[in-house]
Amino acid sequence: MRKITNAELHRPSVEEFARMEKTPVTVVLDNVRSAQNVGSFFRTGDAFAIEHLALCGITATPPNREIHKTALGAEESVAWSRYATTAECLQHLRGEGYTIIAIEQVEGASMLGSFRTEPGRKYALVFGNEVEGVDQQVVDMCDGAIEIPQAGTKHSLNVAVSGGVVLWDLFCQIRLKP
């Protein structure tokens, strides 16, 4: 077994990435306080070629040294926008035809392994603050919710880790179907 070199990975340039087909997913960050978590979302969003990253409320925006530290330049490839409030963002996305899903532990949530995407549908995934999660007012605006099943004592994951878990699952459903 030999490690593959960076040259052998055939990574697209930022310009090529901008033109390539995207996974029909927008990630909405609801008052995420850590700029490093925001940077992780940029990097994960780049890996799974999401359409857009919406940064809402107190969520930090580029240019930002802490975002860049974890994004490693993905803040240049992933399209993003800033909203004063998450509610404003969700109203916009609803008008664009997105199905809005909170990633949160709420009554009636679908477990991640049971959630199935539908062909032709665009999804907006709302991830919440590191302490409070997705605000209840925002949850009330969502079409549904996904919960990540867990077995440990904490019953919580870092928000950026949750992003990686959920985006990988949807990427597999949407882009890696046989």
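Mentor: Let's begin with Leu-72, which sits in the loop between α3 and β3. This is a predicted model, so please read every value here as computed from it. The phi angle of Leu-72 is near 50°, a positive value in a residue that is not glycine. That deserves a second look because most residues other than glycine have a negative phi, and most peptide bonds are trans. Is Leu-72 buried or exposed? With a relative accessible area of 57%, Leu-72 is exposed, because the cut-off for that word is over 50%.

A positive phi turns up at His-155 too, again near 50° and again in a residue other than glycine. You will find His-155 in the loop between β7 (144–147) and α6. Its relative accessibility is 42%, so His-155 counts as partly exposed.

The loop between β2 (50–56) and α3 (65–71) holds Pro-63. A cis peptide bond joins Pro-62 to Pro-63, with omega at about -5°.

Now follow the chain to strand β3 (residues 80–83), where Ser-81 lies. Ser-81 counts as buried, because its relative accessibility is 18% and the limit is under 20%. Which residues does Ser-81 touch, if we leave aside its neighbours within four places in sequence? They are His-52, Leu-53, Ala-54 and Leu-55.

Next, the helices. The axes of α2 and helix α6 (residues 159–175) come within 9 Å and cross at roughly 15°. That angle makes α2 roughly parallel to α6, because angles under 35 degrees are given that name. The crossing of α2 past α6 is right-handed. From α2, Asn-37, Ser-40, Phe-41 and Thr-44 take part in the meeting. Their partners in α6 are Val-159, Ala-160, Gly-163, Gly-164 and Leu-167.

Keep Phe-41 in view, as it leads us to the aromatic rings. How many aromatic pairs are there? The count comes to 5 aromatic pairs. In one of them, the ring centres of Phe-41 and Phe-127 are 5.1 Å apart and the planes stand at 55°, so this pair is tilted. The pair links distant parts of the chain, since Phe-41 belongs to helix α2 (residues 35–47) and Phe-127 to strand β6 (residues 122–127), 86 residues apart. Both Phe-41 and Phe-127 are buried.

Compare that with Phe-115 and Tyr-123, whose ring centres are 5.9 Å apart. Their planes are at 80°, so this pair is edge-to-face. Phe-115 is buried, with a relative accessible area of 11%, and Tyr-123 is buried too, at 3%.

Ring pairs also link Phe-48, Trp-168 and Phe-171 into a cluster. To finish, look at Phe-17: Lys-22 lies over the face of that ring, at 4.6 Å from the ring centre.

Key. Residues numbered from 1 in each chain as written. Predicted model: local features only at pLDDT ≥ 70, side-chain atom pairs only at ≥ 80, totals over all residues. Heavy atoms only, no water. Phe/Tyr/Trp six-rings, centres within 6.5 Å; stacked < 30°, edge-to-face > 60°. Helix = DSSP H or I, 4+ residues; strand = E, 2+ residues; numbered from the N terminus. Buried < 20%, exposed > 50% of the residue type's maximum accessible area, 1.4 Å probe, protein only. Lys NZ or Arg CZ within 6 Å of the ring centre and 35° of its normal. Axes fitted to C-alpha atoms, helices over the stretch in contact; angles between N-to-C directions. Parallel < 35°, antiparallel > 145°, perpendicular 65-115°, else oblique. Left-handed = near helix turned anticlockwise from the far one by under 90°. Contact = heavy atoms within 4.5 Å.
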